[in-house]
Number of protein chains: 2
Amino acid sequence: MKYDRVFNFSAGPSMMPLEVLEQAQKELLNYHGTGESVMEMSHRSAEFKEIIEQAEKDLRDLLNIPENYKVLFLQGGGTLQFSMIPINLLFNSKKADYILTGNWAKKAYQEACKFGDIRVAASSEESNYTYIPETSRSDFRSDADYVYVCYNNTIYGSHFNEIPDVGDLTLVADMSSCLLSEEIDVSRFGLIYAGAQKNIAPAGLTIVIVREDLIGHAPKDTPVYLDYETHAKKDSMYNTPPCFNIYMAGLVFRHLKKMGGISAMHAKNVAQAEKLYGALDALDFYNKPVRKKDRSLMNVVFTTPSKELDAKFVQEAKEHGMINVKGHRSVGGIRTSIFNAMPDEGVDTLVEFIRKFAEENA
Amino acid sequence: MKYDRVFNFSAGPSMMPLEVLEQAQKELLNYHGTGESVMEMSHRSAEFKEIIEQAEKDLRDLLNIPENYKVLFLQGGGTLQFSMIPINLLFNSKKADYILTGNWAKKAYQEACKFGDIRVAASSEESNYTYIPETSRSDFRSDADYVYVCYNNTIYGSHFNEIPDVGDLTLVADMSSCLLSEEIDVSRFGLIYAGAQKNIAPAGLTIVIVREDLIGHAPKDTPVYLDYETHAKKDSMYNTPPCFNIYMAGLVFRHLKKMGGISAMHAKNVAQAEKLYGALDALDFYNKPVRKKDRSLMNVVFTTPSKELDAKFVQEAKEHGMINVKGHRSVGGIRTSIFNAMPDEGVDTLVEFIRKFAEENA
């Protein structure tokens with residue numbers, strides 16, 4: 001691969017499009033003739049204003065974000081959203097229902113319990129999260145302020161194959177590991193958020209897409225940074241934003257548009273995932289724990305027959321230029337994340353290795 | 001200047017050392033033969049662990065940080081610290097005393113009022129913050145949980161020329177715009193913090209240096225990200241940190257060590273500030289509002305005889321390759337920030353321009 005780069009199957013931070021990195025490198029010392037790096041640019045300058053506005057516009061185009069939604073560029077990662085969501089959204093009954101489909105949903109649930117009457121509406125914890133539980137409208141409290149889901153489960157390799165029906169309740173989704181990988185109907189959600197470090201930009205940026213009527217209800221003593229209104233009123237410029245990360249996100253958005261937008265990216269992701277799951281399904285050597293219809297397009301999780309062979313797989317993959325394929329410590333085994341920026345060549349190399357490894361170690 | 005770069009006198013984000021930017025550019029697509037960019041690197045990888053540990057070690061060396069202090073790499077900027085400080089530190093009397101020396105101190109004070117019994121111990125607001133008020137031990141409540149100062153006032157161009165005597169009370173300092181510019185005795189403070197975007201790294205990183213006995217007292221329902229203990233227990237890796245920003249900070253720390261450490265940097269800053277204030281003091285044309293002994297080494301604030309001439313100064317400076325010299329909207333006039341990375345050539349160019357402008361417009 002160009003520049004001796006490796007195929008990085010990390011669950012995040014993970015690969016960025018090569019073209020985007022090359023552009024960032026090119027303009028790192030002098031952005032568009034301004035004589036400065038984006039890293040050095042005043043966030044109040046006309047140049048940065050253009051960067052952040054263009055990034056927002058491109059994201060809106062890519063996801064068809066309705067006009068009554070705000071796009072916020074924040075810091076603090078998903079962890080801060082675990083708190084901000086209940087603090088801002090529990091403004092009527094102070095009740096919320098969570099669907100537990102993995103560690104991140106559970107952490108979000110545990111954090112929310114500090115702020116209201118939080119209930120587990122459904123969970124697949126008993127099976128170590130190998131599937132997405134079916135739910136219907138009646139599983140949720142009719143007066144819940146919101147229903148919370150983690151739409152793609154990075155650790156377990158599962159994904160909601162359809163948007164849960166919550167009736168007229170507000171649906172909130174952590175899309176950290178799938179935003180921009182597939183078309184979504186934003187209007188079905190009250191709030192969507194994503195840490196940038198999977199499909200968007202370097203770590204240190206969180207994107208929040210939130211319906212306007214959900215903003216402005218935080219309690220009076222809310223820490224100012226944790227009130228969505230603080231940021232919404234000032235177009236994410238209440239305080240100095242993570243400028244360089246936003247710039248990188250903007251480059252990625254533009255790159256996606258050039259590649260044909262989200263539908264083209266989704267087609268590429270489906271093709272890669274089918275190739276990879278196809279190879280695994282053809283080999284009894286590998287165990288694929290996730291229920292087929294709930295499989296993630298982004299994180300492909302499997303195990304070999306033993307922990308020793310798992311470790312050998314990880315080691316040999318690395319020797320073949322494929323890094324970070326080790327499963328999360330709570331699951332073990334192998335996890336190969338194939339985010340938007342993974343080239344076909346990476347998946348082909350992995351598939352070939354998967355076959356060869358099974359043959360040699362069966 | 002190399003690469004057609006400009007002299008950027010922005011109050012932050014601002015200039016970074018050219019050598020650091022060049023190194024970042026060089027390894028942007030393949031960091032030290034790993035085959036990946038730091039932006040793509042798993043934060044749990046051995047490579048990133050080395051980056052963050054080395055950055056912390058170098059910062060500890062530079063500032064002689066005692067062993068009983070934690071160094072935290074956080075997100076959310078000074079704004080999040082405005083909340084985190086009272087939430088974490090008001091654990092006995094729930095009283096704190098603030099010295100108001102500018103907008104940022106006042107914002108911190110207003111935010112703290114949400115969380116306890118907060119009092120203004122001294123203020124120079126009546127003079128639009130043109131000096132640092134003198135205080136003595138008796139100005140502070142004897143049972144205050146802490147005393148808060150903003151050590152360098154970016155907007156007004158003032159700076160504490162000595163550490164206020166708070167006796168055995170805990171002193172907390174916002175050093176966003178002076179950390180690493182001068183030697184400080186960390187042991188005199190309970191907590192020091194700085195947004196990175198002045199002397200340290202691109203925006204999106206906040207460094208907190210906090211004495212260990214002040215950690216672990218946040219109320220139970222504190223949002224998990226806002227509890228210092230969350231981060232201290234996990235060496236700033238509770239959640240995905242802003243990896244690239246930390247890497248850039250690390251490059252700056254190493255660069256500072258190479259340049260002779262903080263004492264050498266301070267000598268350079270003093271020499272540049274003397275040159276600049278000297279030129280201004282020699283010309284009655286300019287008004288220098290800040291009391292001499294309280295002048296900042298980092299932010300040099302002055303005005304011309306009229307708003308029209310201020311605007312002309314800003315415009316002509318830009319035409320001469322010196323950008324972002326406009327004063328903050330709450331003060332007007334001119335503000336030239338000369339952080340660590342400002343080369344002598346930039347100050348020389350500015351001094352020459354200051355003289356010429358006065359001559360031409362007197």
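Biologist: In what order do the seven strands of the open sheet in chain A stand?

Modeller: This is a predicted model: local features need pLDDT of at least 70, side-chain atom pairs pLDDT 80 or more, and totals for chains, interfaces and linings use all residues. Residues are numbered from 1 along each chain as its sequence is written, chains are lettered from A and ligands numbered from 1 in the order written, and side-chain values use heavy atoms, without hydrogens and water. Strands are DSSP E runs of at least two residues, helices H or I runs of at least four, numbered from the N terminus; strands pair through at least two DSSP bridges. The pairing here is mixed, and the order is β2-β10-β9-β8-β5-β3-β4.

Biologist: Which strands of chain A stand at the edges?

Modeller: An edge strand here has a single partner, so one side is left without a neighbour in the sheet. That applies to β2 (69–74) and β4 (117–123) of chain A.

Biologist: Within what arc do the buried residues of α1(B) fall?

Modeller: Buried means under 20% relative accessible area (1.4 Å probe, protein chains only). In α1 (residues 18–26) of chain B, these are B:Val20, B:Leu21, B:Ala24 and B:Gln25. They line one face of the helix, because the arc, seen down the axis and taken from directions to the C-beta atoms, is 135 degrees.

Biologist: Which residue of chain A forms a salt bridge with B:Arg5?

Modeller: A salt bridge puts a Lys or Arg side-chain nitrogen within 4 Å of an Asp or Glu carboxyl oxygen. Chains B and A share two. For B:Arg5, the closest N and O atoms are 2.8 Å apart, and the partner is A:Glu40.

Methods
Buried < 20%, exposed > 50% of the residue type's maximum accessible area, 1.4 Å probe, protein only.
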